[in-house]
Amino acid sequence: MKKGLLLFLREQMPLLFIYVLQLALISFVYWLGGMRDSSLTLYTILLSGILFVAYSLYRYYTHRHFYERLARPKAANDELTYRTEHAPLAESLHELLLQLDRNYKTRLLSVNEQLDQHIHFINQWVHQMKTPLSVMHLINQERDDESSLGMGDELDRMRKGLDMVLYTARLDSFEHDLHIETLSLFSTVRAITSDQKRLFIRNHVFPVIQIHQDIKVVSDEKWLKFMITQLLTNSVKYSHRTNAKIYFESYTRDNRTVLEVKDEGIGIPKQDLGRVFNPFFTGENGRTVQESTGMGLYLVKEVCEKLGHQIEIDSVQGKGTSVRLIF
């Protein structure tokens, strides 16, 4: 209420200034006309002042809900309803705001429907592409020559690209695709490294798992595997040294379980480290690796926030990078 009153007073300041100026002007004209009776002048000013105050009180009373609503511009849209009494301007503006609100909600509903249709199309398209991709992968396994190895690598890239598109599309409906459970961290990492053995062999990189088998974490298995796979892929991608190793370590810090993925790659330049979680940011290293999309770490961070986990990253250029998932 105080904010509404202050807003009303601020709006009435020009009128008050004109009113005082008018009183002074009229008093001066009376004085020039020879009316030197100060008591009559003061009485006239008093009557005029009473009328002005009465008008101001009436206007504030009839517009108080209007001013209170204007004093809270960040209030929710459902608070647009307020009472006005004999205030045509406020009522007209209120109707205009209601109409704009209805138009906004209608437009928003239409955009949401289009977005849902787009996401549904993306999901259907990805699933349709996975079928011929699986068939091509099975056919390629029957061959045993150099060209089949190259074909297998390209099929793996296509599969990972489709997975990234699918998971990106599902971020907006994250809560509809969530299953929280207690997971064995060792078994989860072991399954991921086994699934990515072609990637390790092709790049001459070897995983080292240093996780106790009794360590458990509470998370979503599918999304957790997606995050670790993204970290693993990045580590392999930027490990240009032959026979490099990628370490998977787990420990407890402040009563929280930490999974650290550490590589011996080229590292991240210091000036790029603060922006690696931005979407589509590839940085200096991205110019040397054609497969960089700038979406991997961004998606990992988004999933971490939705699952209630945290992510940290440290890197020394030329020595390697460490990424920690904190459960």
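**Exercise 1.** Glu249 has 18% relative accessibility: is Glu249 buried or exposed?

*Solution.* Step 1: recall the cut-offs. Buried means under 20% relative accessible area, exposed over 50%, and partly exposed in between (1.4 Å probe, protein chains only). Step 2: apply them. Glu249 counts as buried, because its value is 18%.

Two notes on the source. The model is predicted: local features need pLDDT of at least 70, side-chain atom pairs count only at pLDDT 80 or more, and totals for chains, interfaces and linings use all residues. Residues are numbered from 1 along each chain as its sequence is written, and side-chain values use heavy atoms, with hydrogens and water left out.

**Exercise 2.** Find what joins Lys262 and Glu249, and state which parts the pair ties together.

*Solution.* Step 1: the two side chains form a salt bridge, at 3.6 Å from N to O. The term means a side-chain nitrogen of Lys or Arg within 4 Å of a carboxyl oxygen of Asp or Glu. Step 2: Lys262 sits in strand 5 (residues 256-263) and Glu249 in strand 4 (residues 244-253), so the pair ties together parts 13 residues apart in sequence. Strands (E, at least two residues) are DSSP runs, numbered from the N terminus. Step 3: Lys262 is partly exposed, at 28%.

**Exercise 3.** Describe the pair Arg324 and Glu312.

*Solution.* Step 1: their closest N and O atoms are 3.1 Å apart, in a salt bridge. Step 2: Arg324 belongs to strand 7 (residues 320-326) and Glu312 to strand 6 (residues 310-316), so parts 12 residues apart in sequence are tied together. Step 3: Arg324 is buried at 10%, while Glu312 is partly exposed at 25%. Step 4: shared partners link Arg253, Glu260, Glu312, Asp314 and Arg324 into one network of salt bridges.

How values were computed
Helices (H or I, at least four residues) and strands (E, at least two) are DSSP runs, numbered from the N terminus.
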